[in-house]
Amino acid sequence: MGETVNLGIKYAKKVDQAFTMQSLIKGRLSNEYDFVGARTVRVHTIKPVPLNDYDRSASANRYGTPTEVGDEVEELYLSKDKSFSGVIDKGNNLDQSINKAGKFMGVQMNEEVIPAYDRYCFDALAHRAGMIVGNSAAISASNVIARISAGRKYLLDHRIPVKGRTMWVSTEVFNALIETDQFKNLDKIGSKAIAQGQVGELFGSPVVEAPADLLPANVNFIWAHKRAATAPEKIWDNKVHIDPPGISGNLCEGRFYFDLFVLAAKADGVYVDVTTGSGKGEVLAAPSIAAATGVITPTGGATVKFTTDGSDPRYSITAQVGTNAGAVAGTIVKAYQYKAGAFPSPVATVEITGG
């Protein structure tokens, strides 16, 4: 059955639409990676070599034994390609007392495209983060600062700059924060920040409250540095065709080709807090790796990815799916596990002793 078109005798000239808000993601993440001419971009991360004690008496190699400089490769593959197509028949439009053609695009962007974009980006940030912490206690005024401060310490310990961070929070976190005396609230941050979705400031970071339908279920907050993730938009088009072949009226179309990636070298700049427990979220534990055999034991139903070249299996192009990394002595095995409906585990690291 087709869509209903109301051909009323008399309607108000002003169209009444749902309330909307601008994107809470756009402008807060990196856009420094160029996908022009490619669907896939490979990002190389140069790895440092260890420091040595300079040996003034050595006959050669006083700087120490030369070590080959290596790198890790992460492959960024654009996966989200969305579109819409809407027809405004000329007869229907003339029989109504509103001009749909002049209003539809804004409505479509604000009520469909931007919420879908933000929802996907938040989900990708939460599941691809460098650190995902599960807590069985619900967020409250008595623990919210401690929970966020644990994230602050993690970011500090991993040398994540304060400038450039954003914290997206659930309403439960925001409500708990306003009961504390450490939260710089709306009246102190200015109208410009409020217009960009910011509702406060904490530990030097803007705090942005996200609606419940945008954040993944049971995620309390996502704290991310701008350069730790990128949200490329290769195509972000909408257009109106006037009287195209086969249609008397306007054909409104849009296409949005985008994705979100957490960058391996900066992944520790994304920290996520999740409420876990019965009926709540699940954050998988790291899989166990047998040092003697290289056999990896996952949680029931989980899939394991591992590397044997020292790179992070969550992001590395060399990651393999499987549970047997081999038993060559001296090999560094890194592994994590993931499954549908759960947040992925931290990375387990073991040096193989067998072989």
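Student: Why does Asp312 count as buried?

Tutor: Its relative accessibility is 15%, and buried means under 20% relative accessible area, exposed over 50% and partly exposed in between (1.4 Å probe, protein chains only). So Asp312 counts as buried.
This is a predicted model, so local features need pLDDT of at least 70 and side-chain atom pairs count only at pLDDT 80 or more, while totals for chains, interfaces and linings use all residues. Residues are numbered from 1 along each chain as its sequence is written, and side-chain values use heavy atoms, with hydrogens and water left out.

Student: What makes the link between Asp312 and Arg314 a polar contact?

Tutor: Their side chains are joined at 2.8 Å. The rule asks for a pair of N or O atoms within 3.5 Å; within protein, one must be able to donate a hydrogen and the other to accept it, and residues adjacent in sequence count only if both atoms are side-chain atoms. Asp312 also touches Glu72 and Val347, not counting residues up to four places away in sequence (contact means heavy atoms within 4.5 Å). Asp312 is found in the loop between strand E16 (303-307) and strand E17 (320-321); helices (H or I, at least four residues) and strands (E, at least two) are DSSP runs, numbered from the N terminus.

Student: How do you know that the span of helix H3 agrees with its 14 residues?

Tutor: The expected span is 1.5 Å times one less than the number of residues. For residues 144-157 that gives 20 Å, and the end C-alpha atoms of H3 are 20 Å apart, so the two agree. Among the buried residues of H3 are Val144, Ile148 and Leu155, and what covers the buried residues includes strand E4 (131-135) and helix H4 (171-177).

Student: What makes the pair of Phe221 and Tyr271 stacked?

Tutor: Rings of Phe, Tyr and Trp (its six-membered ring) pair if their centres lie within 6.5 Å; planes under 30 degrees apart count as stacked, over 60 as edge-to-face and the rest as tilted. Here the centres are 6.2 Å apart and the planes are at 20°, so this pair is stacked. Phe221 lies in strand E8 and Tyr271 in strand E13, so the pair ties together parts that are 50 residues apart in sequence. Phe221 is buried, with a relative accessible area of 0%, and Tyr271 is buried at 4%.

Student: How do you know that Lys26 lies over the face of Trp236?

Tutor: The distance from the ring centre is 3.7 Å. A charge sits over a ring if NZ of Lys or CZ of Arg is within 6 Å of the ring centre and within 35 degrees of the ring normal. Lys26 also lies over the face of Tyr117, at 4.6 Å from the ring centre.

Student: Which residues have the most contacts inside the largest nonpolar core?

Tutor: They are Phe122, Leu125, Trp168, Ile222, Val270 and Val272, in a core of 39 residues. A nonpolar core is a set of buried Ala, Val, Leu, Ile, Met, Phe, Trp, Tyr and Cys residues joined through side-chain atoms within 4.5 Å. Helix H2 gives the largest share, ten residues.
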